[in-house]
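Please open the model in your viewer and keep the selection tool at hand. The tour below goes from stop to stop, saying what to select and what is there.

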Amino acid sequence: MARVGLTTERLVRAGAELADEVGFEQVTVSELARRFDVKVASLYSHVKNSQDLKTRIALFALEELADRAADAIAGRAGKDALVAFADVYRDYGREHPGRAAAARMRLDPETAAASAGVRHSQMTRAILRGYDLTEPDATHAVRLLGSVFHGYSSLETAGGFSHSAPDSEETWTRILDALDALLRNWPT
């Protein structure tokens, strides 16, 4: 029987907060039970195990990030859309490092196909239409942008750029300028 007040949604949100505090890899059903001051068994009517909890956190993070990205790029095109989209990923990684890590979790193909990850790809492709890329170059560009956005955010969050000049903000701006130039002049 489910404990009064505990819902799957409430547990997933608390798991996402926990991921931001201690790191996504450290999230377990046991740690979440401690947060709610309940026995681990109380949570098993809501989540199957720690892997199920992590999958749900990943889906939550993908949805949250997709909503932010959609709002940011609405009405924008070209470089403006690219910068707005990129900034959402970077800001999300800084604000929610555990959730950002969760959004990169490998999902099984069926779960991935039903996730907001599809929206991320669609938005990226919509931005790339402004650069007139066709297949397979559009797919290569989607992968490039994802790698840059997630990679930069991960390194910056881990302190990888805090030890030297120039400031990481300046570097980020230059990277986005370079990406825009590359996309406008994609090699054939």
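Is T173 buried, partly exposed or exposed? T173 is partly exposed, because its relative accessible area is 40%, where buried means under 20% relative accessible area, exposed means over 50% and partly exposed lies in between, computed with a 1.4 Å probe on protein chains only. Before going further, please note that this is a predicted model, in which local features need pLDDT of at least 70 and side-chain atom pairs count only at pLDDT 80 or more, while totals for chains, interfaces and linings use all residues. Residues are numbered from 1 along each chain as its sequence is written, and side-chain values use heavy atoms, with hydrogens and water left out.

**The whole chain**

Select the protein chain, whose secondary structure comes to nine helices and zero strands; helices (H or I, at least four residues) and strands (E, at least two) are DSSP runs, numbered from the N terminus. Along its principal axes, the C-alpha trace spans about 60 × 40 × 25 Å, and of the 188 residues 42% count as buried. Among contacts (heavy atoms within 4.5 Å) between residues at least 6 apart in sequence, 71% join residues at least 24 apart.

**Helix 3**

Next select residues 50-73, which form helix 3. At 1.5 Å a residue its 24 residues should span 34 Å, and its end C-alpha atoms are 34 Å apart, which agrees; the expected span is 1.5 Å times one less than the number of residues. At the start of this helix, a side-chain oxygen of N49 reaches to within 3.1 Å of the backbone nitrogen of Q51. Helix 3 is followed by G75, whose phi is positive, near 80 degrees.

Now select H120, which lies in helix 7 and counts as buried because its relative accessibility is 7%. Leaving aside neighbours within four places in sequence, H120 is in contact with L62, L65, A66, F85 and Y89.

Which residues are the closest to the centre of the largest pocket? The largest pocket has a volume of about 520 Å³, and of the 20 residues that line this pocket, the closest to its centre are L62, A103, G117, H120 and H150. On a 1 Å grid over the protein atoms alone, a pocket is an open set of points with protein on both sides within 12 Å along at least five of seven lines, a cavity is a set where a 1.4 Å probe fits but cannot get out, and lining residues have an atom within 4 Å of a point. Grid points are joined across faces, edges and corners, and a volume is the space filled by probe spheres set on the points. Helix 8 gives the most to the pocket lining, with five residues.

**The cavity**

Finally, select L65, Y89, Y92, G93, A100, R104, F149, H150 and S153, which line the largest cavity. The elements that give two or more residues to this lining are helix 4 (78-95) and helix 8 (137-157). The structure holds one cavity of 30 Å³ or more, and the volume of the largest cavity is about 50 Å³.

Methods:
A polar contact is a pair of N or O atoms within 3.5 Å; within protein, one must be able to donate a hydrogen and the other to accept it, and residues adjacent in sequence count only if both atoms are side-chain atoms.
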